[in-house]
Every structure is written in C-alpha cells, then in structure tokens.
Amino acid sequence: MNKKTFFGAAFLMLGSSFVFGQEIQIDKRVNELDEVVISDSKFKLKREQSGKVITKITAKELEQSQGLSVATVLSRSAGLFINGNGSAAGQNLGVYIRGGRNRQVVIRVDGVTVSDPSSSAGDFDLRLLSVSQIQEIEILKGASSTLYGSGAATAVINIITKPESKKKISANFQSSIGTNQSQEDQDYDINDFVNLASINGTVGKVNYLASFGNQFTDGLSAAEVPDAKSDPFSKYNVYAKLGYQWSDNFKFHIFGNLDQYKNDFDAGASVDADNRFESKQLRAGSFWEIKYPNGSFTFTNSYATLERDLTRSGFPSIYTGDVHTFDAYNKYTFNYFLHTVVGANGSYSDFDLESVPFGTTDLVETISDNDAEFDIIDPYVNVVYASRFGLNVNAGARLNIHSAYDTQLVYNVNPSYSYSFGENYIKGLVSYSTAYITPSLFQLYDTAFSSGNPELEPEESTTIEGGIEVSHSKKTLLSVVYFNRTSENFITFDSATFANINATDDIKVDGVEVEASTAVLDDKLSVKGNYTFTNIDRLTDNIRIPKHMINATVGYQLGKKTYTSLSYQYNTERGDSDFANADPVTFEPARVSLNSFGMLDFYINHQVLKNMSVYATMSNITNEDYQEILGFNTKGRNVRIGFNLKF
C-alpha cells in the first residue's frame, strides 16, 4: 500500500467520525469515587470489572515523584525492570517485562502509539518524557495486540499527560540540581541540571498548552575505566497543544512536539572513547471526539520524523525515519452491560540510512526509504460484558494486514468474576491471548552494523494468565497473577553471523507477580510493595533479566505540607555477554553473571507556599556498587534538590 492509499484510508475514517459520532458515555454506574481503569477495554470500567490486574500510577503518586525520571517511577512497578536506568544518562534503556524486551512493549502517549523506526527495536525513548508533564500512567501486562496492535506482546504502558487549566492563564516552573557520580567518586559536585516551564489555560471554548524542558548532565563516564573522562548528556523538549470544545459532545485538539538529545558514549565494555550520539524527533498530530447517546467516535493521528546521528570511532552513520499513524474507533454501550469497540488502526513507516562503507571514507546512502518501508492496516473489534452479578467477559480480535507479511489474526478471551460486599471485593481472572510482532525496519535493513536481515519472520506469541485480586475499603489492595508465554520465531542476535535471526526453538517463560498496597492512620501512612518471579531458566535469551525482583515504598504525610518516603529495590543476579572473551571460532560471547544488588532511596517534599513546593532526594543511600551492563558504570549515592512553582 502506498502513502496515498494509506492516508486516503485514514481520512476516510476521519470523515466517518462525523457520520457515526464517538467517545462514549461509558458505564453510568461508575461512581466518581470508584477507581477506574481504561487500558484493557478503552472504556472507563470499575477496577473490579476489569479482567486484568492493571498497575495504575496516580496523579498523587506522580506529584510525590517530582525530580525522578519516568524510567525510575516505572521501574518500581511489579514485573517491570528497566536496565540502564542507573547508568550514565545517555545509556540505552532496556524495558524488560515478563521476560520480554523493548520490541514486545507498546508505549502510548495520550492515545497515540509512539515509536522510532530508526532504532533497533523500533521503541520509544522514555527519556523524552518528564514526570512533571504526566497526569497518570496505566500498565497493562500480558498480550494486548487485539486493542493495540503489533508489539503488544508483554505489556502496554499508557501515559496520559496533564490537562490544561480551567483558568484563562496558568503557569508552572520547575527546576532542580543534583550530583551525577559513581560509587568511587563521592565529591558531590553539581553536574545535573533539569528545568521545565509551561503555560496553559482555557479561554472560552479554546484551550492551550505550551511547555519547554531541558536537562544537562555530566560527571560520569559510561565505561568503567580508571580516569576515563565523563560522557555529557543534554536534551530539550518543546511541546504545544491547541484545542477547541465545540460543545459537550464534540471536541478536538492539535499538538506538536520537538525533542532532541545529545550524548557522548564509549566504545564498549570497559573501553573509553570519543563517540557521539544525537537524536531528534519532530511529531505532530490531532485528536477528535464526538459523543452521541450511549456512544462516541474517536479519531487520533500523528506524524513523526526522526533522525539519529551516530559517530563511532570517527565514522558517522545517519538514521532517519518517518512514522504516520492513525486510530479510529467507535464505542457503544448497550444497556450499561455490553460495551463494544469497533475500529481500525494503521501505520506507515520508512527508514533511511547513510553510512561509510568498509574501506571508504565517504558518507553514502546505504539504505533508501524507498526500499525500507512498510505499512499496516488493522481492523479490530472488542466486546466487554459487565454483569450485575459479578461475571465480566472481555473478548476481541484484530486482523493484522501488513504490506510485507501475510495477514495475521490475533485474539483474546478474558473472563473474570468479582464478588462485592460493602466497599470490598474479591476478583478472580483468567485470560488467553495472542500477539503478533513484526520486525522493525532497523532489524530488516540495517547495514551500518551488518545486523539487518530482510528474511526475518514476525514473532507470534500466546499468553495464558490466571490470578486473584482482593480490595478492602478502597484502601488495601492485594493481587497475585501467574503468567505463561510461548513465542515462535523469536528474533535474536546471532554472534556468529552478526545478524538478527529467528530462533529455531520456541521461547517459553512463566512467572508470578504479587502486588500489595495499603493506607492507614487516616491515609497518612502508605505502604506499597511487589514481588516478581520470572522463570528465566526457560529462556534461551535471558540476558540482563533478573529472576527475582522486589520493590517496596513506605510513604508518610508529615502534616498537611510535608510528605516523605523510603523506597527499596532488589534484583537478583543477571546474565550478560562478554564479547571481549568470545570464542575465537564461533564468536559466541562468554557468559558472565552480574551480581545481585539492592538500592535504598529517600524522598521528601514540602509545600513552602500555597503555590510553591520544594523537594529533595537521595538515591542509592548505601552507595551500592553494581553493574547493569558488563563493563559500564552505574550511579553511586547521589542527591538532588528542586522546586515546583505554580501560578
């Protein structure tokens, strides 16, 4: 399918929105005080009606996480391990959920799936977001390709940014400074600077928002080498949104953002070098919503152009990519019990590479975006039945129509039963779901590192889940979930051929996730914790994935104006590859073990004025010495102070 046909389909779906109307008047039985979840159905359902255990990071929790990175906040969730988060600021982040990797996780921002076709996994860089810009986050684990398409094999991270103020004009200014030092360097030099300024408001039917953020970090070398020079990192983000509320039943907005970062990096494990990486993303799009009795129609679309400039050992490579996406869906509720979603999701991606061929010195186009391109059109349907007597069923199917591969059907069946008594409930759930992951353009065509393989086949996976969730007085929550996933045609890197290949054997992994939270003493004291067991012994590709993970946070409200917390994270041993000691014949890297580690963090926030708060953090209090990646540095004990000013 060419671009003209692709966008013709997109605008046809937009035009149909004015015929059918959309975003829905969901279950009117949902009380404003009830906790609601959206990600597993696209409807606002009470938590006990959902057939999944969804991790929700609320606005209050994010407000109590000022100064922390999005990756740090996410890594405290059950089953979610972000490798590289404790390393130098420019280190690539590995998002590992239930034994899966970046390419098996879908990230959505305000209803739009975000990705980068020029990266190896096609994944979105979480460093482009700031906690201060986010209203709430939902983490939906398990295969969710029915609603969210290719890539949603292990999880969907659904991020909702903050809405505009109802006042005509409102402003927010945030700034923080901190250290960025290793375990050996504890001089407490100020090397980390983060700033954010935003203005927003509503004038009549028009709402607007504009923000600018920047960060500069220095003081830490990526490679663990004595006397190595530091690798600086800098980024800035610009975001703007303009909306119009025509009536209670019709609204739309357009948005645009520019994100750019630069960082120096080293040649590899324990090797100091002068390499440079620059990334730039320009994204624009729109959101349209029309409501009608018992239903609504929603259309979202976005266009992003991305450029990644990589200079390694003096040889440059320039990766560029374009992504066009749309999602159009109609939601309708029958008699408050039956909720339906019918829609179509599409994307068009292309990829261009300029590099210096071996034995030459000139930069030439080695991959053309006329060759490295594909598009996807996916019609889908999902139905949720939420009975009055506790039985709930979520089921759906999606037809993946890919320009480079055969058509693939994915589906899910997710029954659950909840028994409510007073403000308490007990919920049991099971699910069976399939997922489909097409190779990224980078995996198919990259030649700069000779890893591209146009013969790659898509991954297919099947996930089975079963669990129980118990809630008491809307203050205490306990859940236990077992998961089991089997993947066919798993894409992995072959060290012998230096190329991406499909594994010949099925990849199997299972595990258990336990989550618990409670609030006591009139909600002054909050305790949250989770434990994850991932049976990595069943994984043939289990690099850097811990078998056991524990997270715990204790928060206490010291009066009306002061909040403080202690957070602890523990990860067991992880495997890694030692390429420096690879087999001289097969080039198979030696397998090494990275030690287990535990980190204790402290946080305090105090409201100085009605519109101003200050905060301070101390991370890795015990100065734990550990490695996330063999031969690379991690952060030791570090401190940060900052303020948040609102008008």
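How many bridges join strand β21 to strand β22? In this predicted model, where local features need pLDDT of at least 70, side-chain atom pairs count only at pLDDT 80 or more, and totals for chains, interfaces and linings use all residues, the count is 10, between β21 (residues 391-402) and β22 (residues 408-421), which run antiparallel. Residues are numbered from 1 along each chain as its sequence is written, and side-chain values use heavy atoms, with hydrogens and water left out.

Strands are DSSP runs (E, at least two residues), numbered from the N terminus, and two of them pair if DSSP finds at least two bridges between them. A hairpin of 5 residues connects β21 with β22, and Asn392 stands opposite Ser416 in β22. Strand β22 is also joined, by 8 bridges, to the antiparallel β23 (residues 424-437). Here Phe421 stands opposite Asn424 in β23, and Gly422 takes a positive phi near 65° in the hairpin, which has 2 residues between the strands.

Turning to charged side chains, a salt bridge requires a side-chain nitrogen of Lys or Arg within 4 Å of a carboxyl oxygen of Asp or Glu; by this rule there are 21 salt bridges. One of them pairs Asp327 with Lys42 at 2.9 Å, N to O. Asp327 lies in strand β17 (residues 315-334) and Lys42 in the loop between β1 (36-37) and β2 (45-46), so the pair ties together parts 285 residues apart in sequence. Both residues, Asp327 and Lys42, are buried (under 20% relative accessible area, 1.4 Å probe, protein chains only; exposed is over 50%, partly exposed in between).

Note on methods
Helices (H or I, at least four residues) and strands (E, at least two) are DSSP runs, numbered from the N terminus.
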